[in-house]
Amino acid sequence: MKAALSAMAERIAAHVFAGTKLHADDTPVPVLAPGAGKTRTGRLWVYARDDRASADTAPPAVLYRYTPDRKGEHPQRQLAGWRGALQADGYAGFNALYETKGADPPAISEVACWAHVRRKFFDVHQAHKGAAAKEVLERIGRLYAVEERVRGQPAARRAAARQAEAKPEIIALRTHLEQLLGQVSGKSALAEAIRYALSRWPALTRYLADGRLEIDNNIAERAMRAVALGRKNWLFAGSDGGGEAAAVFYTLIETAKSNGHNPRLWLTRVLETFGRDRDLTDFDALLPWSMAPEPAAA
């Protein structure tokens, strides 16, 4: 049974990595340290393929991977051979993925997250109630208003709207931030937020020309909420093997949810099929996008 579920998770992985745009994130996972009477910190990584906002019909899918630590070698290994646009936070372990190799362009292009930028200015405004941070938030809000209007439209239409409406806002925002940086204390939280935004500008603005891309990485962050919620209940993984098993089950459950299933009912159907057919080889027929969602309860 374990091998069959793992095989299904690997089919989901193949589907995820067949996409040309992914959302990535990671979160800590307490793991029992045998004999120490305490836990150490492992990591769950998520790679989400979800292009519904640009009217793509490919099924959404969410892949989780477990590692015993947060070393950059892990995402570099997990994404080895993949090419596309990676929407992620500023974790330094991703940087090697964006490097140019010789005369060739990087296989993976970095796409940063405006939600992270907005959060930094929001924290400054909450702490000090200043007009400067509030104005930046209002400007970023206008970028999100464009996204609300084009969500669900084809990629070309999204890109055209961003070029016409969001690009002028972003050009003006950069000028505003540069001027503001010269007016505030370099040691202030506001200056830190400004420098964070300006240092990531190429990655923050990459979404403007490509309608497949999103303005932020909220798709991956939402995928991690299930882990954060679960962690309050199961508290820790019993071993690295337990962390790997958790990654398999999160992959199956969250992918089922994203395809409209009640994950408990879907997984029950899958397990019942395994029980009837011990020699099952057609795992693809059981994948969430291959099975109709369960009817809603009356």
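Arg40 and Asp240 form a salt bridge, with their closest N and O atoms 2.8 Å apart. (A salt bridge here is a side-chain nitrogen of Lys or Arg within 4 Å of a carboxyl oxygen of Asp or Glu.) Arg40 sits in strand β2 and Asp240 in helix α9 (residues 240–258), so this pair ties together parts that are 200 residues apart in sequence. Helices (H or I, at least four residues) and strands (E, at least two) are DSSP runs, numbered from the N terminus.

Arg40 is partly exposed at 30% relative accessible area, and Asp240 is partly exposed too, at 27%. Buried means under 20% relative accessible area, exposed means over 50%, and partly exposed is in between (1.4 Å probe, protein chains only).

## About the model

This is a predicted model: local features need pLDDT of at least 70, side-chain atom pairs count only at pLDDT 80 or more, and totals for chains, interfaces and linings use all residues. Residues are numbered from 1 along each chain as its sequence is written, and side-chain values use heavy atoms, leaving out hydrogens and water.

Arg70 is in the loop between β3 and α2 (73–78), while Asp26 is in strand β1 (residues 21–33), 44 residues away. Arg70 is partly exposed at 33%, but Asp26 is buried at 8%.

## Two helices side by side

α4 and helix α5 (residues 155–181) pack at an angle of about 170°, with their axes 9 Å apart. That makes α4 roughly antiparallel to α5, a label for angles over 145 degrees. Axes are lines fitted to C-alpha atoms, for helices over the stretch in contact, and angles run from 0 to 180 degrees between N-to-C directions.

Most residues other than glycine have a negative phi. Ala55 has a positive phi of about 65° although it is not a glycine, and Ala55 is found in the loop between β2 (38–49) and β3 (61–67). Lys129 has a positive phi of about 55° and lies in the loop between α3 (114–128) and α4 (131–150).

Conventions:
Angles under 35 degrees count as roughly parallel, over 145 as roughly antiparallel, 65 to 115 as roughly perpendicular and the rest as oblique.
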